[in-house]
Amino acid sequence: MIQEKTYITLEYDKIRSILKQHLASEVGQEFAEKLRPAETLKDAELLQEQTWEAESIYTRTGRTPITGFPDVRELVGRMHAALFLSTRELLSIAQAMRASREAKEILQTGDENSLLCNLANRLSSHRSVEEEVARCILAEDEISDNASPELNRIRRQMKIVGERVREKLNGMLRSTTTQKYLQEAVITIRNGRYVLPVKAECRAQIPGLVHDQSSSGATLFIEPAAVVELGNENKRLLIEEKNEIERILSGLTAMIAPFADEIHISCNVMGALDVVFARAILARDQRASRPKLNETGCIRIIRGRHPLIPKDKVVPVDIWLGETFRTLIITGPNTGGKTVTLKTVGLFTLMAMSGMFIPADEGTELSTFDNVFADIGDEQSIEQSLSTFSSHMTNTVRILSEADERSLVLLDELGAGTDPIEGAALAQAILESLYDRKTLTVATTHYSEIKAFALMHAGMQNASMEFDVDRLCPTYRLFIGIPGKSNAFEISRRLGLTNTVIERAQDFLQKKDIAFETVLSEAEQARRSAEDDRDAIGKMRIEIEKLKTDLEKEKKKLEEEKSQLRAKAKEDARRMVQETRQDMEKLIVQLRSIEKIDQKQLERAVQSSRDAMRKTEERLYEQAIQRDSAGEAPESVVPGERVKLITLGQEATVLKAPDAKGEVLVQAGIIKMNIPLSDIRPIEQKKKQTITSAKVTLAADRGSALSIDLRGMLVDDACLELDRFIDNALLTGVHEFYAVHGKGTGALRTGVQTYLKNHPRVKSYRIGAYGEGDAGVTVVTLKS
């Protein structure tokens, strides 16, 4: 069980306060205040999944489905005991029901198996009830006239009575006799009765009932006798109105009562959902990512940013432990970032176990723990007579009595506040005790003895916060694997301390201390050199990626241009066929307009049309050869062989046989390049494309009619041949012929008949009769 003191030490309470700023309801505030880390890995992953689903919905819709709603749990709890609820209370319940219904509708539009959809299924949805409340109650102090027919009748009658009263009183106000007895010529209301302000000394001149007087006693508010009876009628109607309103409110209360338990549950679910979406919004604000969770004690934080440090000042840190070592010792200068790093590990762990995303890069992994202990900061107490050392040791004693292999322990300035030699010895013993019980531990220190202890102890690792000696300031960057070097002498020298004093100080150091600092210095130099190399490699990698991206864009551009050229070629071919057909149509029209034509002119016209069609076929043939004659890729090629490069549309000479990657070195002109074998075609494999032709015969068994045999063709080829045949038939005076397509599956027959149906020169067509070929033949009649 994690203690409340740990939450305060690691500033988890401040994260909760930031989370509350994104909540929409009072119930959500209550649930956020109770938010604590999950106790098991399964529960923590469930919370993380909820946050991930909420972030997806928020990203898709741009808003949270939870709108502000009042906390009505207390109201519905006492609904059964009350005769009726007030208008304000009923409006609050209707508002909560509407918020519940709208949230349910939004959440149920997604995956029906999602966690949030399952939560939404528990929300109540009674639209007719909330609409009935809204229909009857217009505001907290206003009931609609149409709430019931009886209320409508009462209010109409009240309006009539009121108008009659005002009419009589206005008549008195206009009377010059009455005006001199009045303080003001106005009509006012006292105790629900219409009255006139009469001078006290003129009481006898205006008979009626006195309902009130002014504080000075100079004015009496009198209901004239002429309107007393109407006033009584109005009073009676007011009582009827009150009773009817109470009856309406009782009816609405009774209508809601059966759903009281549902509404109570919905409020709790809405509060929980409010917190879930607040976690999602917080994740977006912090540019946080979902961490991978485990229960083995493995922690790997990638560019983690403490969420309470301003975004423009925080320095990302990389931290890992729990795999090859379970104890991490961090050294570095004061205000160098050791404590922030310590809190980052603890706070990230608590946030992840609470379902919150982590302000770190993708790939961050955290572990769940049964307990988290933190001894951070100066906790000396004057009241309890505890020094800094005593305060830390009190916490340490408690930690050692409770920590186990399922615990995370964070110790700041371990062993500080007492004699350095004894403090270092105690620190080593404490770290060893925690390591022996397999507790995951992160500690900060200044003691060189602890750094050396970690170097010699398996399962422990040193880390250091970088310090810029040239600028005399920390960089807040953490380096794991290298203990921090003491920079006291170098800092003192740069601050002006004389070399004589510094050299004398060095004489007081033991030789082993000097040797240890020398090793650390050499390690620091090696680290800096490795870091420079890594930065150079990183820059080179970025340049390579940029070059790769540029090449991909260029390749994509070439592919698009290639596709455009193919599309243009197809369009040109289609247009040429269309133009040729139009020319043929014009020629036929011209020939038919001539009454007498000799045989030579007819032959020249026919030959002209055939030449035009042949040229079109040749051009289409050339384009078809370029597009389709590539054939299949060869299994291999040999040096010296001439090949065609499909992608570039050029010929080239093979220089080397294919390598292990299937690439071939070729030369096209003066350029040598590696080309995939699949992009190569041997020039010798090019074959002339076979142009499908139809067989035209004279059908002797069908009289003098001609026939065209289309069997074995594709529909498009058959239609092209059929079009040629129709043109030639019209030129030669044939008005009926047989199109032989066979029976088969019927696909060719259907395609041919569809084409004939839309042909401008075809008058009619029919299936062949018995003896003509039956369903295997279509008899075509042309227009004369």
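Let's start with an open sheet of 4 strands, which follow the order β3-β4-β6-β5 with antiparallel pairing. The edges belong to β3 (188-190) and β5 (208-213), each with a single partner strand, so one side of each has no neighbour in the sheet. On average, neighbouring strands here are turned by 50 degrees against each other, direction ignored. Pairing takes at least two DSSP bridges between two strands, and strands (E, at least two residues) and helices (H or I, at least four) are DSSP runs numbered from the N terminus.

This is a predicted model, where local features need pLDDT of at least 70, side-chain atom pairs count only at pLDDT 80 or more, and totals for chains, interfaces and linings use all residues. Residues are numbered from 1 along each chain as its sequence is written, and side-chain values use heavy atoms, leaving out hydrogens and water.

Now look at the pair β4 (residues 193-199) and β6 (residues 219-224): they run antiparallel and are joined by 4 bridges. Lys-199 sits opposite Thr-219 in β6. Helix α9 (residues 149-174) packs on the sheet, touching β4 and β6 (contact means heavy atoms within 4.5 Å). The direction of α9 makes about 15 degrees with that of β4 (axes are lines fitted to C-alpha atoms, for helices over the stretch in contact, with angles from 0 to 180 degrees between N-to-C directions). Helix α11 packs on the sheet too, touching β4, β5 and β6, at about 140 degrees to the direction of β4.

Elsewhere, helix α8 (residues 127-136) has Val-129, Glu-130, Val-133 and Cys-136 as its buried residues (under 20% relative accessible area, 1.4 Å probe, protein chains only). They cover an arc of only 135 degrees around the axis, which puts them on the same side of α8; the arc is taken from the directions from the helix axis to the C-beta atoms. Their cover includes α6 (87-107), β1 (137-139), β2 (142-143) and α11 (228-256).

Definitions and conventions: Buried < 20%, exposed > 50% of the residue type's maximum accessible area, 1.4 Å probe, protein only.
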